[in-house]
Amino acid sequence: MRIIKFEIDSDEIELIPLADLHIGNPFCDTELIKEVCEYIAKTPNVYTLLNGDICETVTRSSVGNIYETTSPQDQIVTACYYLRPIAEQKKIINILSGNHENRMLKDTGLSMTDMLLAHLLQYDDTLNDRYCADGAYTFLIMNGRKSGGRNFHMCVTIYNTHGHGGGSKIGGKIQKLDDTYIPADIS
């Protein structure tokens, strides 16, 4: 787990976590991904957490069929195409790996998250400080103004992890997280 500090100049924020996109899977809704990414990039004070399984990353030893998904290289290129405008606007709070990225790392030694990060660093060179393999505890510092012109600072804590296991049953991941107490405003 990594501790992150992310600061914005606003008194309000909208967070849209992006996780389990599975870009490369034939059932992936790329139109919806494009729409959401455009919304995040173009709308003031909207930010995202990239919370793992951005790409499908099927390997020969995994459950999925490597012949039904696009290549890992194509998955990275497609993910970067959608995420580039968000990175250019510096709206990615953190990036985490998911079980699909970890599967590729285990089976091939290649980290899909590292490859995605390498591409996105072209547009936001601070992202490397906000990459976390397994989980992040973020101090989101909001700097705003009250009516009357007085400045104020507010800190919101965010804990996010992709998690693993328990995904085969409805609510399995939530049930697993419910057993762990993390002191955060948002988790």
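Visitor: At what distance does the side chain of Glu56 make a polar contact with the side chain of Asn25?
Guide: The model is predicted. In it, Asn25 is among the residues that Glu56 touches. The side chains of Glu56 and Asn25 form a polar contact, at 3.3 Å.

Visitor: A polar contact of 2.8 Å joins the side chain of Glu56 to which residue?
Guide: Glu56 lies in the loop between strand E3 (46-51) and helix H2 (72-88). Beyond four places in sequence, Glu56 touches His22, Ile23, Gly24, Asn25, Thr69, Gln75, His100 and Arg103. The side-chain partner at 2.8 Å is His22.

Visitor: Is Glu56 buried or exposed?
Guide: The relative accessible area of Glu56 is 8%. Buried means under 20%, so with 8% Glu56 counts as buried.

Visitor: Which element gives the largest share of the largest nonpolar core?
Guide: The largest nonpolar core has 29 residues, and Leu18, Ile54, Leu83 and Leu120 have the most contacts inside it. Two or more residues each come from strand E2 (14-18), helix H1 (30-42), E3, H2, strand E4 (92-96) and helix H4 (112-120). The largest share, seven residues, comes from H2.

Visitor: How many residues are in the second, separate core?
Guide: Ile54, one of the residues with the most contacts inside the largest core, touches residues including Leu18, Leu21, Ala79, Leu83 and Leu116. The second core is separate and includes Ile8, Tyr47, Leu49 and Ile158. Its residue count is nine.

Note on methods:
Residues numbered from 1 in each chain as written. Predicted model: local features only at pLDDT ≥ 70, side-chain atom pairs only at ≥ 80, totals over all residues. Heavy atoms only, no water. Helix = DSSP H or I, 4+ residues; strand = E, 2+ residues; numbered from the N terminus. Buried < 20%, exposed > 50% of the residue type's maximum accessible area, 1.4 Å probe, protein only. Polar contact = N/O pair within 3.5 Å; in protein donor to acceptor, adjacent residues only side chain to side chain. Contact = heavy atoms within 4.5 Å. Core = buried A, V, L, I, M, F, W, Y, C linked by side-chain atoms within 4.5 Å.
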